[in-house]
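This report describes a predicted model.

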Amino acid sequence: MDRNKDRRILVCCGTGCLANNSYNVYLKFKERLSEDAEIEVKPIMKSTGCNGLCEKGPVVKILPDEISYFKVTVDDVGEIVEKTIKNFETVDRLLYYDTNSGKRIKSHKEASFYKGQLKIALRNIGEINPLSIEDYMERGGYKALKKALDMKPEDIIREVELSGLRGRGGAGFPTGVKWRTCSEYKDQPKYVVCNGDEGDPGAFMDRSIMEGDPNTVIEGMIICGYAIGAHRGFLYIRDEYELALKNVRAAIDNAREKGFLGKNILNSGFDFDLEIVRGGGAFVCGESSALMASIEGNVGEPRAKYIRSVERGLWDKPTVLNNVETWANIPPIIINGWKWFKSIGTEGNYGTKVFSLVGKVKNTGLVEVPMGTTLRQLVYDIGGGIINNRPFKAVQTGGPSGGCIPKEHLDIPLDFDSLKAIGSMMGSGGVIVMDDTTCMVDVARYYMNFLAEESCGKCTTCREGIRTMLHILTNITEGKGEMEDIELLKEIAETVMEASLCGLGKSAPNPVLTTLEYFKDEYIEHIADKRCASGVCKNLTSYYIDENKCIGCTICSKNCPVGAISGRLKEVHVIDEDRCIKCGTCAIKCPRGAVRIGGMKVEA
Amino acid sequence: MSFVYEEIIHGYPKEKRYTLAILQDIQKRNGFIPREAMEYLSQYLGLPVSNIYSIATFYKALSLKPKGKHIIKVCSGTACHIRGSGTIKEELLELLGIKPGETSEDGLFSVEVVNCLGACALAPVVVIDDKYYGNMTKDKVKSVIDQYKEERAHG
Amino acid sequence: MEVAKRHGIHIPSLCYRKGFEGLARCRLCLVEVKEGSRRRIVSSCVYPIKENIEVTVTTDEIQRMRKNIIMLLLLKAPNNSYINKLAEEYKVAAPERYMNPLDDENCILCGLCVKACEKMGTNAISFVNRGIYKKVSTPYDDASKDCIGCGACAEVCPTNAILVEDNEGKRKIWNREFNMVKCSLCGSYFATEEAYKLMQEKLNDNEEPICNECRKKIAADKLKESFANIY
């Protein structure tokens, strides 16, 4: 009997792996397998969505062996076919290397990156071909819809309400309450909207879901339409997400073919259909009222939300808008029931959250963990700790609307309420890890720079406030800061937070306020000492060699890209500050840590 | 050239909500939105030109100026920023002698600094047309640009 | 805002003008509202009154906000006399280091001109770009075919930022030159040809051109006439 029966090879074709040539790996497998006469029953090849550990891509999984290979190149395919497919042996060098234990692991399920995870929203990604609705249905897809169509709309809403699901886009508003309020308004037509305008730099959770499992979002939206009495839905997808747009379009077509969308869905008498609206390259369109304005054909300017969108939203009609990840959670809640969902997570913060763990962490990628997992667990157990084992400095959550979390809060549980309590916010799930080579003043400046162009520009406080804060922060990073600037920064930040019209403006000062709170000493050092200890603000950085530590090994001068270091073997080396371009290579290469960072060069 | 945009515009119903979609199709086909296209669209949809112009200048996916043969997008997302995208950007701009948003003199390259592309694990990322270049370094910049220049030289 | 006005209570604002819906752009009109047990700060120009509410127009917190907003406006248009007057009134001074003495910007992006052109004009101007690059202009900063030179935009502008140059029967506004129409009674130039034509179309009017001042005189005379017969 051919042991290849029921065998599957899954090649990750999420954007991250694609950029690393995974599609050619997929093609090479197909080629090798079709040519090979020895293999009678060919394993089924699938190209899947993101597996999460993008750092180590391309990722190839072999089932039912439960073998996962990482960083697979086209040249490795031959060996994998010979050893694994034909002889059921592992190619050890391609197995996951667990940095914490120092061992190679066969099945990725054992890997510390994956062990702490619990996949609900991401349950299918990496296991199915997103273009195949049959794959989705094989794993239970559209069962929730069938069940829902047999339920009463109020019961569906009740189920979602009792589950305690809160919006995964950042605000954490109770989803069930939103649906209930909307269902109570009788104005027609009603609309269901998916916010796929993921704009936080460093966040790619929604992209992965839209690319890797678009049907879970579609199913969630149809169920909501039925529950609140809406017959039309829109998926607003960010313009830059080509693959997501392609896969969602295909999934909608597939769903229509199967009768899950369109008229009289599954003979229930319920009509519902979906349309994709492409974003235009505007971060502010992630704000719900701006998003709706954009769908209507206007510029993406938010409105004051004294009247909620559930009452008057798209075209002034009752609208439920939810984030991609929120929609992805609906089918499992309907199938498994609210009690199951509520058993995961912490009090008031139920279920899981998908995080994109990026920055200076060893295992960068996408993870889904129960709410309440601590930051330490996320960064160290799952993330494997900081690259080169450098000291942890802070984590930025919530993107430009969020705040930084310093070392002292490493044990904070990751959930809506805990993060809010310390002045940060969960946001959409981007977690950017920073070490001692990150300058927190520069981080604040970076976000203000981002927001300066992304703000819609409608209200005075956001537009002028951000512009002024950017001006002040730029001054500080260039060595032109004065001590009064700190007070001024804080004053403006607080007004922007209180007086701005929409969420973007109101939360824009968060990076500034949190860095000021936890890293005030860095600000002071930049202003008073004119020095950037992380070596990021070039004007405030000068490198010099500590003559007491230098052993004259010449490693620094050999690696200097501009030949700015002079010194003979075994003699103390010297950096020519005029030639130095402050790249920091010498500091990294020095085996004795003899290269130090001084402040702004003072004219003699 | 004019036929291209008329065709695109007529492919849509005369409803305001398709403004952005139409403009994006024109942008994709043409590389930018010509003034005549905007004026034609204004007539077609029955909307003031100033309205269309507002939309065209608000959304960064749309451009009113022609672009180079190859569009280089430098990701300025946080993950890329921390991993040194600033240096990559400076190197690129210096090499081509232009500022962000501009096109090189030989019309070969346009450089845009864009928001997070979502490929954060490969930071810093540069995208040229549809090709992703991950883990970019200062040295790689020159070799990649040279590759494209060579292609153009060999037709 | 309207309710407050009716009771003679003054709430500061730059972007609010009677006759137009609230724009909520300038942020000066923020007040504190207590609805039920909930207290929050809202824009009084757009806040919908659904039930009984308690409004506090000024608190220390709000006053601080207003001062900071004016400071931000000062930084945007440091040499504008209207903003400077407002700053004096609220005793606000912007930090010298961040003021640019050479900046001759006058527009504070309140949006009244765009609204006026939309409601009373021909949609010739609009907001362009976004974020800190946002501005008001005609498409491509060119003379607009739609503009009729009516000057409604300039009239509603709270900071006098729009330049209207009337000179010997010609008006220059938004980079375009217009010929003006003479009043058939007093001979003064009072409207552009295009604006006058539009007015005629809308009012179905074919009379001789008469300027506002003369119109008022005619109306006043008619009134005198009708009352003369009574007494």
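## Chain contact and chain B architecture

The contact is made by 29 residues from chain B and 36 residues from chain A. On the side of chain B that touches chain A, the elements giving two or more residues are α2 (19-30), α4 (49-58) and α5 (78-82) of chain B. By class, this side of chain B has 17 nonpolar, nine polar and three charged residues.

Helix α4(B) also packs with α3 (residues 35-45) of chain B, at an angle of about 125° and with the axes 9 Å apart. The crossing of α3(B) past α4(B) is right-handed. The residues that meet are listed by helix below.

| Helix | Residues in the α3(B)-α4(B) contact |
|---|---|
| α3(B) | B:Met38, B:Glu39, B:Leu41, B:Ser42 |
| α4(B) | B:Val49, B:Ile52, B:Tyr53, B:Ala56 |

Six of the residues in this contact of α3(B) with α4(B) are nonpolar, one is polar and one is charged.

Chain B also holds an open sheet of four strands in the order β2-β1-β3-β4, with mixed pairing. Its edge strands, β2 (109-114) and β4 (131-133) of chain B, each pair on one side only. On average, neighbouring strands of the sheet are turned by 20° against each other, direction ignored.

Strand β1 (residues 70-75) of chain B runs parallel to β2(B), and six bridges join the two. B:Ile72 has B:Val111 in β2(B) as its bridge partner. Helix α6 (residues 85-96) of chain B lies across β1, β2 and β3 (126-128) of chain B, and runs at about 150° to β1(B).

Conventions: Residues are numbered from 1 along each chain as its sequence is written. Chains are lettered from A and ligands numbered from 1 in the order in which they are written. This is a predicted model: local features need pLDDT of at least 70, side-chain atom pairs count only at pLDDT 80 or more; totals for chains, interfaces and linings use all residues. Two strands pair if DSSP finds at least two bridges between them. Axes are lines fitted to C-alpha atoms, for helices over the stretch in contact, and angles run from 0 to 180 degrees between N-to-C directions. Two residues are in contact if their C-beta atoms, placed from the backbone, lie within 7 Å. Ala, Val, Leu, Ile, Met, Phe, Trp, Tyr, Cys and Pro count as nonpolar, Asp, Glu, Lys and Arg as charged, and the others, Gly among them, as polar. A crossing is left-handed if the near helix is turned anticlockwise from the far one by less than a right angle, and right-handed if clockwise.
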